[in-house]
Amino acid sequence: MLHCKNISHKFEFPLFDDISLDFAPSSTSAITGTSGSGKSTILHILSTLLKPNGGEVFYKNRSLYTLSTDELLKIRRYDFGIIFQQHYLFRGFSALENVELATILSEKELDRELFDALGIAHILSQKVGRLSGGQQQRVSIARVLSKRPKVIFADEPTGNLDKNTAGEVMGVIFDYVKRHEAALVLVTHDETLASSCQRRFHLSEQVLREVSQEVRDA
């Protein structure tokens with residue numbers, strides 16, 4: 001469904017070179033690495049937010065960075081969902097209004113079961129500014145999943161959550177991937193969370209390597 005071929009990128013210094021990856025429906029993949037290694041940059045390239053210096057990214061056999069701006073916007077609106085480290089909610093809106101806005105733009109029905117699953121049903125009427133950081137992050141995740149994306153890009157999605165809540169939230173995301181035959185591309189520092197994905201990659205010294213199951217289970 002999503003594929004990148006020989007992508008490379010650099011800013012003041014090279015980050016990575018000649019990376020090729022495939023992401024199938026109903027799959028979960030994690031990318032780990034030290035801060036500044038470039039793992040979030042890979043996520044931005046895959047999700048159409050940053051054009052790579054070299055290589056191509058394909059979605060449903062279409063080379064993304066050859067498409068028009070309007071075509072890319074449609075893919076972001078209807079097919080891609082991005083969970084950032086920062087929630088980027090509209091602070092003048094309530095939690096419910098933030099989620100409703102996403103469903104309006106993506107032309108999807110509101111899924112109220114998500115609110116119970118994410119533990120936010122009781123705070124929907126509150127303004128975002130009155131919520132804790134963890135509550136805001138869960139609203140942000142609800143907003144993304146309400147779009148019914150086919151590919152979820154998540155950059156440290158549980159960074160503002162305690163361990164127990166983080167596990168529950170990731171369970172909701174993994175269940176979504178399975179039920180909707182979506183794909184999850186996760187960037188995280190959390191080795192335990194990364195190991196819960198079907199595939200795990202580690203970025204170090206400009207090279208992305210897949211971590212074998214044997215190493216993960218050791």
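Helix 5 (residues 133-146) and helix 6 (residues 163-180) pack at an angle of about 0 degrees, and their axes lie 12 Å apart. The model is predicted, so that local features need pLDDT of at least 70 and side-chain atom pairs count only at pLDDT 80 or more, while totals for chains, interfaces and linings use all residues. Residues are numbered from 1 along each chain as its sequence is written, and side-chain values use heavy atoms, without hydrogens and water. Axes are lines fitted to C-alpha atoms, for helices over the stretch in contact, and angles between N-to-C directions run from 0 to 180 degrees. Helices (H or I, at least four residues) and strands (E, at least two) are DSSP runs numbered from the N terminus.

Contact between them (heavy atoms within 4.5 Å) involves Arg138, Ile141 and Leu145 of helix 5 and Thr165, Val169, Val172, Ile173 and Tyr176 of helix 6. Six of the residues in this contact are nonpolar, one is polar and one is charged. Here Ala, Val, Leu, Ile, Met, Phe, Trp, Tyr, Cys and Pro count as nonpolar, Asp, Glu, Lys and Arg as charged, and the others, Gly among them, as polar.

Strand 7 (residues 151-155) is largely enclosed by the rest of the structure, because five of its five residues are buried. Buried means under 20% relative accessible area, exposed over 50%, and partly exposed in between (1.4 Å probe, protein chains only). In a regular strand the side chains alternate between the two faces of the sheet. In strand 7, Val151, Phe153 and Asp155 point one way, and Ile152 and Ala154 the other way.

Strand 7 runs parallel to strand 6 (residues 80-83), to which four bridges join it; strands pair if DSSP finds at least two bridges between them. Ile83 stands opposite Ala154 of strand 7. Strand 8 (residues 183-187) is also parallel to strand 7, with five bridges between the two, and Leu184 in strand 8 is the bridge partner of Ile152. From strand 7 the chain passes through helix 6 to strand 8 in a right-handed β-α-β crossover, that is, clockwise from the first strand over the helix to the second with the strands pointing away from the viewer.

Lys60, in the loop between strand 4 (54-59) and strand 5 (62-63), is not a glycine but has a positive phi, near 50 degrees. Lys60 is partly exposed, at 48% relative accessibility.
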